[in-house]
Amino acid sequence: MNDELTATFTQPCAQCSAVNWAVSDEGRFYCRSCHNVAERTEDVVDTTFTPGSARISNLTRRSRTRTPDRQWWICEGFQFILKNQADALVDLGVSAHFRDQVLCQLWRLYLQKSRQAFTSDPIRSSAHQLRITDSDVDSEGSGSDWSGVLGNSVHLSESQRQVHTLMNMRRTLALIHLALVWSRAPLTLSDVIMLVRAGLLPYTDVYEKLPDKLKVEGVDVLTFRVHNVPSHQELHTEAQALVHFLQLETFPPISSQSQLHPALLSLRYLSDANLPDQLHPWLLHLMKRAAVEDQTLYTFDSTSCPVLPQHDIQTVAIIIVTIKVVFGLNDCTEWDLCDVDDQSEAVFSLRRWFRLTQAALRSAEQSRNQLICRTQWKSGCGLYQNRRSRSLGLKRKRTSDQVQRCFQNLSSPVAARRCSSSSFRFCWGGDDGADGPSLHHQKLTSVLTMNHNMLTPTNATYWLPARCTCYLDMHKSHFQDMKAWLPHSFLQLLNFFSFLIDVKPTVLFQEVLNLERRLLGHNSRTRTKTRTRTLGQGTETAT
Amino acid sequence: MDDTDPDTDIVNDFEEDKDSSDPFSKRGRQSKLPVPEPMFPSSSGLRGFRQSTTMCLEHIREAMLHHRWQEATEYMVYFPQILQSTSEGSTQQNKELVWRLCTEILHHHPNSTLQDYNNIYERMKHSSSKHYLMISLEHAFHLMLHGCIEDAKHQLSVAQTWRYGKESVIQYQKTKLIHAYSSLLDYINWCDKKSANDGSDHDVLVENTEMQNSFRQVSSNLKEILKHPGVWDPFILSYVEMLEFYQDHTTALSVLKNYAHDSSFPPNPNAHVYLYQYVKRHGAPQKKLLKILKTLHVLVPSHELMLEYSSLLLQSKKSCHGPKALEILLDMLDFSCWRTNLDVWKLLKAVIEKLQLKPDWKTIILKRMSGRTDWWPALHFTRAHATTDSEENPELWAVKASLTKILCPDVPQSYVDAGDTDEEQIHTAL
């Protein structure tokens, strides 16, 4: 009898992949090889079609009836989410101080400011409540009692304007970023985004980790549903808004010993970009010349630095300007400097560096594209707005899963995809799987000369793009216009670093311009300038 | 800026870099420029779910176009999430996309099994009402090609009973197709049974009830379907074969006549061919055969049955048939596919010889050839043709040579001369 029952069930066992089933005393299927019990209702791939059975089988009803006497609030849902995210970061190596002291306090401050908790007069409007689903409860019946969040926000009164500051998924990341900056953890915003993309920081499907009590349906689905990973700029804007909302005065100072300060952060980027370590002292020298080593520039302060600093972008801009000073980057000088007689392996050559990094960049872009292709946006139980869309969604999901399974069987076993939690994009060295040989130890003798007993860069010119007198915000479009006139090596460098920290080249270019402005001063009349139009329209050279 | 072009072979290049002192000169070895990445412009502005699915689709398409089927399979593992897209307009398109991509990849993947096909077809069938019938049909074809006739029949019978409100009404054309193929499968069954009982007597076979059942199913289905205009060649043939077996000649004849002469049906020369063959099999008078062939001649002057037509005309006693035969053969020879066919030329010679018994044969021939004098010599009677013909088929050359003077009297006889000299050369060589 058992054999007849098990003959039809040909699903391989989840643990040992054998097809050797037997029926236990309780009537459940178990694998004879490894005694793994099968969940038969889920795993059977039923390919026979019987008319009328295309409907979804009824989900099992909840065994215990839940009495809706406990109101759940949206902020409680977000609390779970934040906790999950913070735990993930602590698991990855961030100190627990970030989660326990900083993030907790910020969250409480937020709740207090938005009057959802920790206050004597909390808002208890339906806008802040979580609509619970219950498969036993008719959704139409309960729908009449609630008015949706969107409905509330349309008719805004003074108190209800605070609905705009309701937490959403993006703001959770912004809050995490603020907490990281406050606790001076060495994770920049671009690192946070990278972790989200790699799935190491729960974001896309973190709502599945919400406890069963908080099953969401209706309009609240929109709060927790995630459509894309936010970009660097978007998160920065959110973080800025949050800082103002929370009325934070001053952050703990980012001194030059802190890992978020460019002095130390640049070491990390130089290493990741396979640039020689000898470049670092020149970088520090440049920072001194441009007067950008002061910690006030990197610490948020409502009076002296009202814009939340972007440490990653600022550091990378400093690196680019340093390379520009030392090598010229005008499509002529840097190649002339490479033509020295001494081509030994101990000397750094920019040409070699470009070749290495371009190849590594291409393969890194390819793997990033593959990661994008592989991201599953609708896995898990999913969030649906009503019963009809739930049944439709589940049916589609079933079809999609089964087609996927068919091809999974055909595809080769997945090679160990390096889901590395390292914040380095590239790996340089002699090991297997490295992107190329390491150039960190090489010397910059080809580009430096002795001048009055001091090492100075051989390159004596520095070019600037034509200055524009418009407001800062309008610079965004200028990069696209200027791109045609900028030297190719500069553009390639810009592209490379913008890939490294996952920002748009426009943003990086803007920061480079800002830094150059500081370095060379706004007031240019005191300097002698040779206006030689060597590079065509739109550039000037300064000595 | 040649020097900034990246090379793929980094390690080798690294060592060679030290040797070259002049970077602007071309190196001794070819610099290996990498093949550029395929450009994916369409996914540049998208984010999130749409970016993932669009990029995935582009990778799959690239892989398929370059026949990298394993890579296409890898990407296909992640693509089906597009079926869960909630954007209203594209759900049907997505389903069709997934269906066709999956089947194409399965066709080419070395490890795909029939079970995989069955799974995919079943899933996609039940997910889409607009494509249900087409997917069923394709599934049935696939099973037929792999010899699983019963399964194919089962699929088609399930599809026949499918009802889905307005959808099944809108797709009535496809339903007809399914009925037709279902009856074709019945016919195959019938043939199998017939050949299984091959040793038995004909009468015994006629009495065979299973076979009769199949026959009844087929005839009921096809009677309905053959009323609708269309091209139903394989179904007609199978139906007629069955009717002949059961000695129902009147029905068979009426079916074929209908198929050939119904003006609402698209013009189909095969219909006339089938009718002709049937009528010939059952010993019809020559007049009837000639009539059928006449209509066929109008439709397809280059048909191989035209040979038969003209030989029939040749054998007939009527005097008007002689010139007609000539006309038909000349029409045939207008087409280059008959150029080197000996039978046609021989028949033409015979026709001309018969015509030469009449006094005015020259005018008859000239009249028929009047429209052809400018281009027939180039088509048939050039020196090149002479050389090839005399080498490959001397008999053909002889026949053609004898006809050149008659058909094209005003043209210089290069064909004959060229062939003659070749013959002489051959003779002298031997």
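Predicted model: local features only at pLDDT ≥ 70, side-chain atom pairs only at ≥ 80, totals over all residues.
Local features here need pLDDT of at least 70 and side-chain atom pairs count only at pLDDT 80 or more, while totals for chains, interfaces and linings use all residues. Residues are numbered from 1 along each chain as its sequence is written, and side-chain values use heavy atoms, with hydrogens and water left out.

Select residues 505-520 of chain A, which form helix 19 (helices are DSSP runs of H or I, at least four residues, numbered from the N terminus). Its 16 residues reach 22 Å from first C-alpha to last, close to the 22 Å expected at 1.5 Å a residue, the expected span being 1.5 Å times one less than the number of residues. Colour Phe509(A), Val512(A) and Glu516(A), which are among the buried residues of this helix (buried means under 20% relative accessible area, exposed over 50%, partly exposed in between, with a 1.4 Å probe and protein chains only).

Next, show His177(A), His232(A), His236(A), His311(A) and Asp312(A), which are among the residues that line the second largest cavity. Helix 7 (169-182), helix 10 (232-246) and helix 13 (311-327) of chain A each supply at least two residues of that lining.

Finally, turn to the cysteines, where a search of the whole structure finds zero disulfides over all chains (a disulfide is a pair of cysteine sulfur atoms within 2.5 Å). For Cys75(A), the nearest cysteine sulfur, that of Cys104(A), is 14 Å away, and Cys75(A) counts as buried at 11% relative accessibility.

Methods
Chains lettered and ligands numbered in written order. 1 Å grid on protein atoms, 1.4 Å probe; cavity = no way out; pocket = protein on both sides within 12 Å on 5 of 7 lines; lining within 4 Å.
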